[in-house]
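Have the viewer open while you read.

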Amino acid sequence: MRRSSFLIGGAAASGLAALGAGSNALAQETITQPFVNGSRPLATFPQKRPLILLTSRPPQLETPFKVFDEGVFTPNDAFFVRWHLAGIPTSVDGRAFRVKVHGLVNRTLELSVDQLRRDFQPVEIPAVCQCSGNSRGFFDPRVPGGQWANGAMGNARWRGARLRDVLARAGVKAGAVQVRFNGLERPVLQTTPDFIKSLDMDVATSPDVLIAYAMNDGPLPLLNGFPVRLVVPGYFATYWVKMLDDVEVIDAVDQNFWMKTAYRIPAAGDGCIKPGQTTPTVPITKMRVRSFITSLADGDQISPGSRRVQGIAFDGGSGIARVDFSADGGATWTQAALGGDYGQYSFRQWSSPLDAQAGQSYRLACRATAHDGSVQTSATCWTPGGYLRNNIESLSVHTS
Amino acid sequence: MRNRSLPGAAASALIAIAALLGFASDSAAGAAPPNPDVTVSVTLPPERQLFKDGPGAGLARANCQTCHSSDYIYTQPPLSKAQWLAEVTKMKNIYGAPLEESQLEPIAAYLVTQNGKT
């Protein structure tokens, strides 16, 4: 490729990339999510193809679901975007950026991205990043919060330094309880709690938690956390702090708002409750097993004949053991063929034959089973925060 | 670069960006080192001004798009007056919106005309 010649002159040489939003950033085209108030424009944000606009400031963009049929990895320019606070820098200097490691450590560190790349063993992990509120729009009764359909998720190959190697370099002192993460995202008014997340020591020092500087072989798009973000495979995206510049080892369980009050699920049982119930809560952590059909959408007209229906499945890190497919609304199931295995944190593609007769309707469904034995059921999970939806998903197609 | 397929309007801009940032030019060229040694500057598109005229619109415009765009309100499911009051109260008590007690009810009353249910 001729990429190198592009890199010699002009803006690249001066190390500055200015990325506009494009003249027709808010395109006229709209799509309708399948729930009340589901009308959404498609919008083109910097470094992104047209995505489903949930909110402009701070940006929250959903991946159009058909992207998940393009391949097992979600392209960077299609990867969903979710920020909490509108104080996001629109310009980040990748050379001046430093990750500070401090708190209960022997040596405070200030690491450049270059040091992260050179001084620590690079590790690459394919992993699903799924917003805790993915699919919130389908809750019944509805709950306030980001009204996503199923596209607030993506799968990428994340490359970076292990957090535990970085912590070892700093030297964690006795008495460490959690590690607390902050990024460049800031509240507009000082009265809003800064967005900070914390992980227990055993999770933070597990070998798969990364400070990632690459995503699918490229730099992270700014809206996905350029230049580095935390990657916590198996855990919901709320912990994957973007533009991560502050890592603090603390001696007690974090009491900040985003841990103590927000992003919590009912403590008892499987975390699902009846609407209106109130229960003690715990922080949300691992994702639940899910699967989707990607090659067809609800209401599609298909031609009679045989075809393969394709989809994806994932869980919170045990890996997908099997996927079953039903063409009769879940009355009978056949085991689907699994695609390539990219590790236990990745999407796993699957496919299954469908022999469609003329003039029929088919209710298609898929059901994933994870290696830890968890399996999707038809029961819908309701939580006050709109988290944890993972019931069997189904859709209808019709033949002419 | 030419045979990369990118969607319509974004294509030319993104190709330029890809070159500037040293993005891997295609996924097969996976060996390309990531290049965070640049300053990335973006211009975000303008936001929509969605609060429609009506009693209380001024209060909402003045108080409900300081920290975020107005689409936060219109993308919610339709909420009852009590639910909107709870949302507005949450903005004040939890996120520190500088609102007077006396403003909460009038704002909730306006919001239920915008995106409400009974």
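Start with the charges: across the interface of domain 2 of chain A and domain 3 of chain A, the rule turns up zero salt bridges. Polar contacts do show up there, with eight residue pairs counted, both partners at pLDDT 80 or more. Keep in mind that this is a predicted model.

On the domain 2 side that touches domain 3 of chain A, β10 (122–130), β11 (153–162) and β17 (264–266) of chain A each bring at least two residues. The top contributor is β10(A), with five residues. Sorted by class, that side of domain 2 of chain A holds 14 nonpolar, ten polar and five charged residues.

So much for the make-up; now the extent. In all, 29 residues of domain 2 of chain A are in contact with 20 residues of domain 3 of chain A. The two bury about 1900 Å² between them, and 65% of that is on carbon and sulfur atoms. Their centres, taken over C-alpha atoms, are 30 Å apart.

For orientation, here is how chain A is divided:

| Domain of chain A | Residues |
|---|---|
| Domain 1 | 2–82 |
| Domain 2 | 98–138 + 151–283 |
| Domain 3 | 290–399 |

And the cross-link? Over all chains, the count comes to one disulfide. It pairs C272(A) with C381(A), with the sulfur atoms 2.1 Å apart. The torsion about the S-S bond of C272(A) and C381(A) is about -100°, so this disulfide is left-handed. It ties together distant parts of the chain, 109 residues apart: C272(A) lies in the loop between β17 and β18 (281–283) of chain A, and C381(A) in the loop between β26 (361–370) and β27 (393–399) of chain A.

Conventions: Residues are numbered from 1 along each chain as its sequence is written. Chains are lettered from A and ligands numbered from 1 in the order in which they are written. This is a predicted model: local features need pLDDT of at least 70, side-chain atom pairs count only at pLDDT 80 or more; totals for chains, interfaces and linings use all residues. Side-chain values use heavy atoms; hydrogens and water are left out. Domain bounds come from an automatic or database domain assignment. Contact means heavy atoms within 4.5 Å. Buried area is the accessible area (1.4 Å probe) that two parts lose on being put together, summed over both. A salt bridge is a side-chain nitrogen of Lys or Arg within 4 Å of a carboxyl oxygen of Asp or Glu. A polar contact is a pair of N or O atoms within 3.5 Å; within protein, one must be able to donate a hydrogen and the other to accept it, and residues adjacent in sequence count only if both atoms are side-chain atoms. Helices (H or I, at least four residues) and strands (E, at least two) are DSSP runs, numbered from the N terminus. Ala, Val, Leu, Ile, Met, Phe, Trp, Tyr, Cys and Pro count as nonpolar, Asp, Glu, Lys and Arg as charged, and the others, Gly among them, as polar. A disulfide is a pair of cysteine sulfur atoms within 2.5 Å.
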